[in-house]
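Q: Could you take a close look at one helix of this model for me, and then walk me through its surroundings?

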Amino acid sequence: MIPMFEEYQNTYKIESANEIKPGLEAIQVAMEKLGNPQLAVPTIHVAGTNGKGSTIRMIERIAQEHGLTTATFMSPCIENVHDQIRLNGQSITPERMNRAFEEAKEAGLSGLLTEFELLTAIAFIAIRQAKPDLAMIESGMGGRFDSTNVVEPIVSVIPSIALEHTNFLGDTLEKIAWHKAGIIKKNGYAVIGEMPETAQKVIEEEAHMQQATIKINGKDFKVLDDTWSNEVICMSGLHPSLKGEHQKRNMALAIQAFIEVAKVLHIELVEDRVQQAVATTNLEGRFEQLASHVWLDGAHNPASARSLRKTIQQVLKGEKVTMVVGILKDKDVEAVLRELEQVSDDFIFVAVEREQDRLMQPEELMKLSHAKHKQIASSVLQAVQEKQKEGSVVVTGSLYLLAQWRSILQQVLE
């Protein structure tokens with residue numbers, strides 16, 4: 001359930017199925033009814049396991065620094081459905097959301113789509129109505145059969161591949177890579193990050209089959225210290241505001257993707273604008289500092305937990321760290337815990353009201369944890385306030401859970 005989305009559905013009497021149905025047939029019918037809004041604006045499509053949000057936000061800022069108006073569609077929400085659709089860096093307003101729902105109602109979309117498919121359609125409507133210069137679209141799950149895969153992008157971006165959603169996407173890296181590679185279009189342009197060789201091979205084969213140009217981080221372009229370069233361009237003085245070495249890799253992808261956008265849209269790439277963009281990019285829930293000694297990060301799978309562990313080792317080196325954790329049942333919980341236990345032996349597990357049916361209960365997490373010190377807290381605020389004076393506190397876990405916690409902590413902490 002997407003917070004506040006149902007309210008709009010009830011207002012406009014647009015029904016949707018509350019389930020996941022991979023496949024493009026329904027969304028293609030909806031797009032035809034709407035006059036194909038997904039094709040109205042130049043687009044970048046991003047799919048992958050981790051790094052999607054960070055890469056999109058950096059592209060968004062680079063575009064804005066070059067004078068372009070922007071739109072983004074990302075998942076999941078941070079607080080409610082409004083922040084999933086951003087226009088010029090701001091969450092969509094209720095007024096614009098209402099206008100999009102009015103158009104969906106007139107097109108007769110009720111009962112045709114799942115909840116996420118309907119949200120995707122609403123995003124495409126809102127973006128067409130706003131008429132930005134460039135839209136960044138994040139795949140919800142997978143790529144090939146995801147409802148966002150009706151766009152015809154300037155660039156397809158795949159930051160990383162790791163095991164996720166194995167019940168839908170398959171239980172090997174090759175199978176998951178096949179799903180992600182499905183966003184590469186005929187004669188298109190693709191930018192991919194560093195990933196296991198088996199996954200990269202699948203994506204390269206898809207690109208070859210589609211006769212698409214593919215650019216690979218570490219091979220066709222790279223970042224070394226503060227310098228980005230490819231075969232013809234070199235830019236230095238790049239200091240991303242997003243913390244962690246993995247964010248430099250995401251920055252590398254964002255720059256390479258925007259270079260192709262600039263070429264297509266006939267825009268001159270300006271080095272100091274790129275420098276300013278990456279230095280001022282922010283993304284909620286990605287090692288986000290909420291208060292003194294309090295950080296929030298959505299480490300929801302082993303790969304993202306590994307990135308968080310490395311970021312903690314880099315940024316909070318030598319500090320005592322307490323982990324406050326909540327994870328959904330469908331995640332590889334033990335692998336996440338093993339990563340995080342390398343930087344902390346003090347864990348607090350917290351339950352939340354939302355997503356109770358999908359949440360792994362704190363008692364279960366306690367049994368799986370190898371931490372020397374572990375306890376259960378009745379609230380995230382209690383956990384943070386208790387440990388904030390002792391050192392740094394990192395609140396982490398599934399993004400759906402962090403949304404509620406972030407709102408609570410922001411209201412109280414300074």
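**A close look at helix α10**

A: Happy to! In this predicted model, helix α10 spans residues 271-279, and its buried residues are V274, A277 and V278. Looking down the axis of α10, you will find these buried residues within an arc of 90°, so they line one face of the helix. What do they pack against? The buried residues of α10 pack against α3 (52-65), β11 (234-235) and α9 (245-265).

Eight strands form an open sheet with mixed pairing, in the order β4-β3-β2-β5-β1-β6-β7-β8. The edges are taken by β4 (90-91) and β8 (213-216), each with a single partner strand, so one side of each is left without a neighbour in the sheet. Within the sheet, β1 (residues 43-46) and β6 (residues 155-158) run parallel and are joined by three bridges; V46 has V157 of β6 as its bridge partner.

A few backbone details may also interest you. The loop between β2 (70-73) and β3 (85-87) holds P76, and the peptide bond joining S75 and P76 is cis, with omega about -10°. Q211 is exposed, its relative accessible area being 53%. M4, in the segment before α1 (5-12), is not a glycine either and has a positive phi of about 80°. With a relative accessible area of 32%, M4 is partly exposed.

Methods:
Residues are numbered from 1 along each chain as its sequence is written. This is a predicted model: local features need pLDDT of at least 70, side-chain atom pairs count only at pLDDT 80 or more; totals for chains, interfaces and linings use all residues. Side-chain values use heavy atoms; hydrogens and water are left out. Buried means under 20% relative accessible area, exposed over 50%, partly exposed in between (1.4 Å probe, protein chains only). Helices (H or I, at least four residues) and strands (E, at least two) are DSSP runs, numbered from the N terminus. The arc is that of the directions from the helix axis to the C-beta atoms. Contact means heavy atoms within 4.5 Å. Two strands pair if DSSP finds at least two bridges between them.
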